[in-house]
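Student: I would like to learn how to read a protein model. Could we go through some features one at a time?

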Amino acid sequence: MAQEDVFKKIVSHCKEYGFVFPSSDIYDGLGAVYDYGQNGVELKNNIKQYWWKSMVLLHENIVGIDAAIFMHPTTWKASGHVDAFNDPLIDNRDSKKRYRADVLIEDQIAKYEEKIDKEVAKARKRFKEQFDEAQYRATSPRVLELAAQRDALHERYSKAMNDGDLGELRQIILDEEIVCPISGTRNWTEVRQFNLMFSTEVGSTAEGASKIYLRPETAQGIFVNYLNVQKTGRMKLPFGIAQIGKAFRNEIVARQFIFRMREFEQMEMQYFVKPGTELEWFARWKETRMKWHQALGFGAENYRFHDHEKLAHYANAASDIEFHMPFGFKEVEGIHSRTNFDLSQHAKYSGKKIEYFDPETNESYTPYVIETSIGVDRMFLSVMCHSYEEEQLEGGETRVVLHLPAALAPVKLAVMPLVKKDGLPEKAEEIIRNLRFHFNCKYDEKDSIGKRYRRQDAIGTPFCVTVDHDTLKDNCVTLRYRDSMKQERVPIDSLQAIIEDQVSITSLLKKLL
Ligand code: GAP
């Protein structure tokens with residue numbers, strides 16, 4: 001099945017099984033805004049817990065905060081967002097549709113990549129077992145020609161972006177003969193900059209309302225609280241402040257479901273360090289964060305670092321962790337060495353001294369910052385994409401199963417009476433009554449056992465138990481494992497011990513030490 005079709009199936013699975021709904025669905029949704037359903041919210045909370053505990057529980061020198069979404073408007077002047085948090089936009093005069101110029105060009109670069117992949121696939125079919133992909137890519141004249149075109153375009157595009165040259169971006173779109181996907185024409189306007197922050201007003205108009213912004217990142221809430229936390233927590237460098245919260249960006253090109261949203265959630269941690277040590281900490285945090293991702297067991301081959309060549313003016317190193325989504329390797333997390341830019345800017349704009357007194361050297365300085373910034377929704381999407389499988393079973397049957405890591409699964413155990421009579425429902429409820437304090441359990445008595453298993457597979461429940469007539473005599477149940485579908489008879493008393501360790505967030509955290 002084409003990856004595009006797999007992705008469509010994942011999106012409809014998310015809706016059908018209560019993971020993700022379009023926002024205000026009864027009004028046909030709102031572009032790039034989504035609601036999490038009864039299973040989605042559990043999965044999302046588990047992801048957040050895994051991150052929060054890995055930061056705050058496992059590091060004695062990292063503490064959390066929860067800053068407000070609304071911040072003093074000067075915050076965004078100081079951080080540079082008012083002046084520079086822009087996307088280059090272009091309109092098609094015929095369709096009246098607006099696009100991000102950079103995305104149109106990046107898509108064009110990806111098309112060269114797709115053409116190369118098609119050439120490779122054709123050659124693989126032709127040469128069968130003797131096919132040496134690396135050699136083919138290095139020697140095929142057609143592949144080399146396409147790669148040269150791709151690289152030349154990439155270089156021209158990067159330069160235009162670095163120089164902020166909007167005229168050149170438009171020229172690239174014209175030269176590459178990029179057409180509007182709706183009208184099919186090349187009738188493009190000039191490229192203009194568009195600020196991504198949403199604004200609103202605080203106070204009534206009569207009082208003289210003032211313009212404020214919905215935060216486009218959670219990080220600034222941490223920077224403006226640096227002094228509060230350092231002083232009240234008596235924190236010594238290096239130390240970190242972690243936060244999970246909503247962020248808002250007026251994304252014009254909203255694509256790929258929850259990958260690019262207008263309202264989303266971030267998990268960010270700013271690690272304050274002594275100037276001069278930042279690159280060492282940057283390398284350590286890259287490693288730590290990659291380990292966090294890989295502990296989920298999705299396979300190291302599905303992750304890669306993308307080190308930035310072009311750095312923001314305030315950064316001296318930056319790297320993304322990319323995950324292999326059905327639509328290619330995409331950024332899930334950014335790790336940035338932000339120097340002392342943000343703290344210095346806030347010191348300048350607020351007139352407050354934002355420094356650290358180092359008792360070891362008896363000097364005061366502005367700390368440098370390493371930031372780890374991950375989108376909850378992108379993480380959620382990567383988990384769903386990797387877990388979804390349409391599995392072919394013996395006998396030609398298919399089952400849709402979510403191989404979620406047990407610690408992230410919304411429901412850990414489903415308890416099912418074989419029939420709705422003879423005291424079996426009561427026994428099943430008794431089991432749930434005893435286990436519900438330890439992990440999320442669900443009772444299910446509708447339909448055949450086979451159908452009930454399939455329903456639980458579809459939401460990723462790692463364990464099911466069936467209560468039958470023998471249970472009333474021997475106090476044992478049939479325990480069924482989601483991935484292997486193996487079943488075994490176990491005493492009810494042993495259920496907690498078998499399941500609890502495997503489904504707890506602690507089981508994941510232990511892999512990080
Ligand atoms: N404080 C740094 C910062 O915000 P960023 O690269 O703009 O950096 C960090 O965002 C992470 O937030 C991204 O790696 C991504 O996971 C997530 N993110 C950013 N924009 C998003 C959007 N429109 N929708 C969903 N997630 C987004």
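This is a predicted model: local features need pLDDT of at least 70, side-chain atom pairs count only at pLDDT 80 or more; totals for chains, interfaces and linings use all residues.

Student: What share of the residues in the chain is buried?

Tutor: A residue counts as buried when its relative accessible area is under 20%. Of the 513 residues in this chain, 48% are buried. Among contacts with a separation of 6 or more, 65% are between residues 24 or more positions apart.

Student: How do I read a pair of packed helices? At what angle do helix H5 and helix H7 cross?

Tutor: Look at the angle between the axes and the distance between them. For helix H5 (residues 101-127) and helix H7 (residues 141-163), the axes cross at roughly 165 degrees and come within 9 Å. An angle over 145 degrees counts as roughly antiparallel, so H5 is roughly antiparallel to H7. The crossing of H5 past H7 is left-handed.

Student: Which residues of H5 and H7 make the contact?

Tutor: Start with the general idea: an α-helix has 3.6 residues a turn, so residues three or four places apart point the same way. On the H5 side, the contact residues include Ile-105, Ile-109, Tyr-112, Ile-116 and Glu-119. On the H7 side, they include Val-143, Leu-146, Arg-150, Leu-153 and Tyr-157. Sorted by class, the contact between H5 and H7 has ten nonpolar, three polar and seven charged residues.

Student: What is the angle between helix H2 and helix H13?

Tutor: Helix H2 (residues 38-57) packs against helix H13 (residues 376-387) at an angle of about 110 degrees, and their axes are 10 Å apart. Angles of 65 to 115 degrees count as roughly perpendicular, so H2 is roughly perpendicular to H13. H2 passes H13 in a right-handed crossing. From H2, Gly-40, Leu-43, Lys-44, Ile-47 and Lys-48 take part, and they meet residues of H13 that include Val-376, Phe-380 and Val-383. This contact of H2 with H13 has seven nonpolar, one polar and three charged residues.

Student: Lys-53 also lies in helix H2. Which residues does Lys-53 touch?

Tutor: Leaving out residues up to four places away in sequence, Lys-53 touches Leu-58, Ile-505 and Leu-509. Sequence distance and spatial distance should be read separately. Lys-53 and Ile-505 are 452 residues apart in sequence, but their C-alpha atoms are 8.5 Å apart in space. Lys-53 has a relative accessibility of 29%, so it counts as partly exposed.

Student: Where does Ser-79 lie, and is Ser-79 buried or exposed?

Tutor: Ser-79 lies in the loop between helix H3 (74-78) and helix H4 (81-84). Its relative accessible area is 7%, so Ser-79 is buried. A polar atom of the Ser-79 side chain lies 3.3 Å from the backbone oxygen of Trp-76. Not counting residues up to four places away in sequence, Ser-79 touches Gln-220 and Phe-341. Phe-341 is one of the buried residues of H12.

Student: What about backbone angles? Which residues are joined by a cis peptide bond?

Tutor: For a peptide bond, read omega. The bond joining Leu-237 and Pro-238 is cis, with omega about -5 degrees. Pro-238 lies in the loop between helix H10 (226-232) and strand S9 (239-248).

Student: What is the phi of Ala-32, and what is the phi of Met-485?

Tutor: Ala-32 is not a glycine, yet its phi is positive, at about 65 degrees. Ala-32 lies in the loop between strand S1 (20-22) and strand S2 (34-36), and at 8% relative accessibility it is buried. Met-485, also not a glycine, has a positive phi of about 60 degrees. Met-485 is in the loop between strand S22 (476-481) and strand S23 (487-491). With a relative accessible area of 26%, Met-485 is partly exposed.

How values were computed: Residues are numbered from 1 along each chain as its sequence is written. Side-chain values use heavy atoms; hydrogens and water are left out. Axes are lines fitted to C-alpha atoms, for helices over the stretch in contact, and angles run from 0 to 180 degrees between N-to-C directions. Helices (H or I, at least four residues) and strands (E, at least two) are DSSP runs, numbered from the N terminus. Angles under 35 degrees count as roughly parallel, over 145 as roughly antiparallel, 65 to 115 as roughly perpendicular and the rest as oblique. A crossing is left-handed if the near helix is turned anticlockwise from the far one by less than a right angle, and right-handed if clockwise. Contact means heavy atoms within 4.5 Å. Ala, Val, Leu, Ile, Met, Phe, Trp, Tyr, Cys and Pro count as nonpolar, Asp, Glu, Lys and Arg as charged, and the others, Gly among them, as polar. Buried means under 20% relative accessible area, exposed over 50%, partly exposed in between (1.4 Å probe, protein chains only). A polar contact is a pair of N or O atoms within 3.5 Å; within protein, one must be able to donate a hydrogen and the other to accept it, and residues adjacent in sequence count only if both atoms are side-chain atoms.
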